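Thanks for coming. I will go through one model, a few places at a time, and keep to what the coordinates give.

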Amino acid sequence: MIPNQPVNKHAHKARVVVLLSGGGRTLGNLLRCRDEGTLPIDITRVISTRKRIRGNDVAREAGVPLSIIPRREFATLDAFSDEVVGVLRAEAPDLVVMAGFLSKITIPSELDGRTMNIHPALLPLFGGRGLYGDRVHAAVLSAGMKVSGSTVHFVNTEYDAGPIIAQRCVPVLDDDDVDSLAARVFACECELYPAAIRLFIEGRLRIEGNRVRVLPENPPGEV
């Protein structure tokens with residue numbers, strides 16, 4: 001992992017590519033934050049792994065260029081990963097944002113420390129291969145947890161195992177089911193992910209081993 005280098009927020013918006021495999025709710029939230037002026041990003045492309053998902057429509061409706069790269073059309077994971085990485089390299093993003101992206105890819109060296117994911121639980125609990133979406137919330141409820149939440153982390157070679165950037169808790173209520181818990185966690189994600197992305201853009205994330213240090217905000221007038 002390399003230390004986060006600041007994107008000059010006074011000069012331009014950060015170039016972001018979003019990767020998704022589902023309904024596009026996280027993409028929609030990032031677009032809303034962008035349009036409200038609270039998140040200085042330019043989403044230059046969306047990469048989707050499925051042909052018929054709502055996330056594709058969200059990208060099209062927002063006028064964001066869309067690349068659909070179906071995982072099932074590739075004989076091997078390596079071939080699929082190479083195709084995705086080729087599109088990423090062509091875009092040369094400042095940051096790659098995974099937003100419900102369910103396929104594993106090999107992160108190229110130039111995007112190491114520049115690829116984020118959000119997980120709907122407090123990692124390292126309830127993470128790893130096969131634990132995504134409602135499966136996570138079902139596992140949390142089955143374990144009798146009193147809190148859950150969301151985790152933003154940098155992506156490495158393992159599922160849900162990269163250095164943690166930010167976490168936030170939500171309560172697990174006695175009458176919760178998967179849907180009610182999922183709604184509470186997603187509301188948390190809608191605030192936490194943009195906040196983590198802003199920290200990256202400001203150059204305030206420093207990776208030290210498997211930990212991420214959040215640096216103090218620069219005083220006014222300093223870059």
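Let me begin with T151, which sits in strand β6, residues 147-154. This is a predicted model, so please hear every value as computed from it. The relative accessibility of T151 is 0%, so it counts as buried. What does T151 touch, once residues up to four places away in sequence are set aside? The list is N117, I118, H119, A121, L122, L123, I164, A166, Q167 and L192. For a distance along the chain, take P171: it is 20 residues from T151 in sequence, and the C-alpha atoms are 15 Å apart.

Next is V155, in the loop between β6 and β7, where β7 is 164-171. With a relative accessible area of 9%, V155 is buried, the limit being under 20%. V155 and D176 are separated by 21 residues in sequence and by 30 Å in space, C-alpha to C-alpha.

Now helix α3, residues 77-91. It has 15 residues and spans 21 Å from first C-alpha to last, close to the 21 Å expected at 1.5 Å a residue. Which residues of α3 are buried? They are F80, S81, V84, V85, V87, L88 and E91. Looking down the axis of α3, these buried residues fall within an arc of 155 degrees, so they line one face of the helix.

T44 is in strand β2, and at 11% relative accessibility it counts as buried. Its contacts, not counting residues up to four places away in sequence, are R15, V16, V17, V64, P65 and E91. S103 is in the loop between β4 and β5, the latter being 115-119. S103 also counts as buried, at 14% relative accessibility. Beyond its neighbours within four places in sequence, S103 contacts T49, R71 and F80.

On to backbone geometry. Most residues other than glycine have a negative phi, and most peptide bonds are trans. A92, which follows α3, lies in the loop between α3 and β4. Its phi is positive, near 50 degrees, and A92 is not glycine. F126, in the loop between β5 and α4, is not a glycine either, and its phi is positive at about 55 degrees. F126 is buried, with a relative accessible area of 19%. P124 is also placed in the loop between β5 and α4. The peptide bond from L123 to P124 is cis, with omega near 10 degrees.

Last, a helix pair. How do α4, residues 134-142, and α5, residues 178-201, pack? The angle is about 110 degrees, and the axes are 9 Å apart. That makes α4 roughly perpendicular to α5. The crossing of α4 past α5 is right-handed. From α4 the contact is made by D134, H137, A138, V140 and L141, and from α5 by V178, L181, A182 and V185.

That is the end of my list.

Methods: Residues are numbered from 1 along each chain as its sequence is written. This is a predicted model: local features need pLDDT of at least 70, side-chain atom pairs count only at pLDDT 80 or more; totals for chains, interfaces and linings use all residues. Side-chain values use heavy atoms; hydrogens and water are left out. Helices (H or I, at least four residues) and strands (E, at least two) are DSSP runs, numbered from the N terminus. The expected span of a helix is 1.5 Å times one less than its number of residues. Buried means under 20% relative accessible area, exposed over 50%, partly exposed in between (1.4 Å probe, protein chains only). The arc is that of the directions from the helix axis to the C-beta atoms. Axes are lines fitted to C-alpha atoms, for helices over the stretch in contact, and angles run from 0 to 180 degrees between N-to-C directions. Angles under 35 degrees count as roughly parallel, over 145 as roughly antiparallel, 65 to 115 as roughly perpendicular and the rest as oblique. A crossing is left-handed if the near helix is turned anticlockwise from the far one by less than a right angle, and right-handed if clockwise. Contact means heavy atoms within 4.5 Å.
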